[in-house]
Amino acid sequence: MEKEKDVSRRQFLKTAASVGASSLGLGAPAILSAQSSGNSVRYGFIGTGTEGCTLLKFLATLPEGQCIATCDIYPPNLKKGVETIGSNPQTYVEYQKMLDRKDMDAVLIATPLNLHAQMVVDSLNAGKHVFVEKTMYFKEEEGEMIRKATQANPRLVLQVGLQRRSSVLYQVAIEMIRKGALGKVMFVRAQWHRNNNWRRPVPDPKFERLINWRMYKEYSGGLLAELASHQIDVVNWAFDSEPVSVYATGGIDYWKDGRETCDNVEAIYEYPGGRRLVWSSILCNAHLDFSEQIMGDRGTLIISALEKCMFYREDVPKVSTGNGQENWWAGATVTNTAPQQGIPVFPDPVAAGQLGFMDREVTYSKHWLASMGIYNYEEQHNPYWSELRNFLLSVRDAKPVIAPFELGMMDAQGVIYGNRSIDSGQRVYWPGKEPDSKKI
Ligand SMILES: NC(=O)c1ccc[n+]([C@@H]2O[C@H](COP(=O)([O-])OP(=O)(O)OC[C@H]3O[C@@H](n4cnc5c(N)ncnc54)[C@H](O)[C@@H]3O)[C@@H](O)[C@H]2O)c1
């Protein structure tokens, strides 16, 4: 009896916590599945290729979950997955058979993009909580298909693998934008540049399409789906909005090797209020690597390769006072730049005012060492680890989901409309945002 009372009290506290989380606008928390409650979440994993094994490596360190099954149609990857997780999972080739297991709470999916939507829907309808890699879906109509499955299974968690949402560095950067440190932000430039063919070696030509699925339009949304999706999500977050239109171009201009997806893409996403993201991806020069440069009228944030964030103050004269002391040159001779000495932004979740004397000293030393290029910026936890722990805690303890369906959908639409613009050569508007709808 005492035990029962305790359970219902815990349930009440969880329900209360859920209400609090919803009112904060975070992803809808789950009601616990009985077999997870208080225990580790029993999950299966579909698609144990490159990304699958990266996730399994982090999952292996998380006691909040237990991998009881893995599934892959390619035997070498199935074997790699089992070795990576090390928990002796039962293996499957058909994911539907894995979903029949009644002792499984959740499913994680890291298969090629064209398979995501059906696997998500089947998993939800089999009563499993779902984590699915970005991009959440491939074709526009699949968004509604997934939405219906989430609505039919409201107690189940759906999380999308947009791991920047779980990065403390990005969280601090977004907080800086929200608090006005950059002033009015009108422009983001982002790129993901490489100097390689983006192909994987194939042991037998019969596996070409399975292994190099990114090269083929039947399975892949190309550079926008694989790379831009992360950065579109960051900009959606920074602007707290989805775009209203996109104009994109691209082609197969350097790697003419039989691929169908572009080897370079340039896209301009317009957000409400004339704010823009200008994005590029090329596969013939790696100098700029990947970064986001977020520009406001009071400062710029540059977040590079997921691990370093620099802030540059903007204190250039903007309007002539006409007192004759300013150096105004005409046209192209003006070199009116902001100071280039950047200030490092640290992934420290604690506000400076809350630090004790020693912590403050350590923080100052870190900043000084970083400005000399000596200190390495490191998050306390890898964002992959944090997103996976968040997923397991959402399932087990009804914690709010950090990257729920709605964010995944906004992100996927950005990819789909970008590709539509490349294919049609036209600017593509979000529904209801066409110029004649007067809703922009
Ligand atoms: N979040 C990130 O930073 C990140 C990074 C890389 C990849 N990804 C995403 O992860 C997903 C997988 O990418 P990847 O690079 O690991 O691809 P991959 O080709 O290395 O792995 C995909 C795996 O799925 C398996 N598979 C294919 N069809 C299957 C089926 N019907 N049933 C079961 N397994 C099947 C393949 O055999 C392969 O092992 C993609 O959606 C990609 O965009 C995300």
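Student: Is tryptophan 385 buried, exposed or partly exposed, and why?

Tutor: A residue counts as buried if 20 or more other C-beta atoms lie within 10 Å of its own, and as exposed if 12 or fewer do. In this predicted model, tryptophan 385 has 19 other C-beta atoms within 10 Å, so it is partly exposed.

Student: Where does tryptophan 385 sit, and which residues is it in contact with beyond its neighbours in sequence?

Tutor: Tryptophan 385 belongs to helix 11, which covers residues 383-397. Once neighbours within four places in sequence are set aside, its contacts are Phe58 and Thr61. Threonine 61 is 324 residues away from tryptophan 385 in sequence, yet their C-alpha atoms are 8.5 Å apart in space.

Student: What share of the contacts in the chain joins residues 24 or more positions apart?

Tutor: Among contacts with a separation of 6 or more, 71% are between residues 24 or more positions apart. The chain has 440 residues, and 39% of them count as buried. Its secondary structure consists of 12 helices and 15 strands.

Student: How do I read the sheet, and in what order do its strands lie?

Tutor: Strands of a sheet pair through backbone hydrogen bonds, either parallel or antiparallel. Here nine strands make an open sheet with mixed pairing, in the order 14-13-12-11-7-10-9-8-15. Strand 14 (343-345) and strand 15 (428-429) are the edge strands, each pairing on one side only.

Student: How many bridges join strand 7 to strand 11?

Tutor: Seven bridges link strand 7 (residues 185-192) with strand 11 (residues 290-296), and the two run antiparallel. Within this pair, valine 185 is opposite glycine 296.

Student: How many residues surround the ligand, and which are the closest?

Tutor: The ligand is surrounded by 25 residues, the closest being Gly47, Gly49, Glu51, Tyr74 and Asn77. By type, the shell has 11 nonpolar, nine polar and five charged residues.

Student: Which helix supplies the largest share of that shell?

Tutor: Helix 2 does, with three residues. Helix 2 (50-59) and helix 5 (113-125) each give the shell at least two residues.

Methods. Residues numbered from 1 in each chain as written. Predicted model: local features only at pLDDT ≥ 70, side-chain atom pairs only at ≥ 80, totals over all residues. Near = placed C-beta within 6 Å. Helix = DSSP H or I, 4+ residues; strand = E, 2+ residues; numbered from the N terminus. Nonpolar A, V, L, I, M, F, W, Y, C, P; charged D, E, K, R; others polar. Contact = placed C-beta atoms within 7 Å. Pairing = 2+ DSSP bridges.
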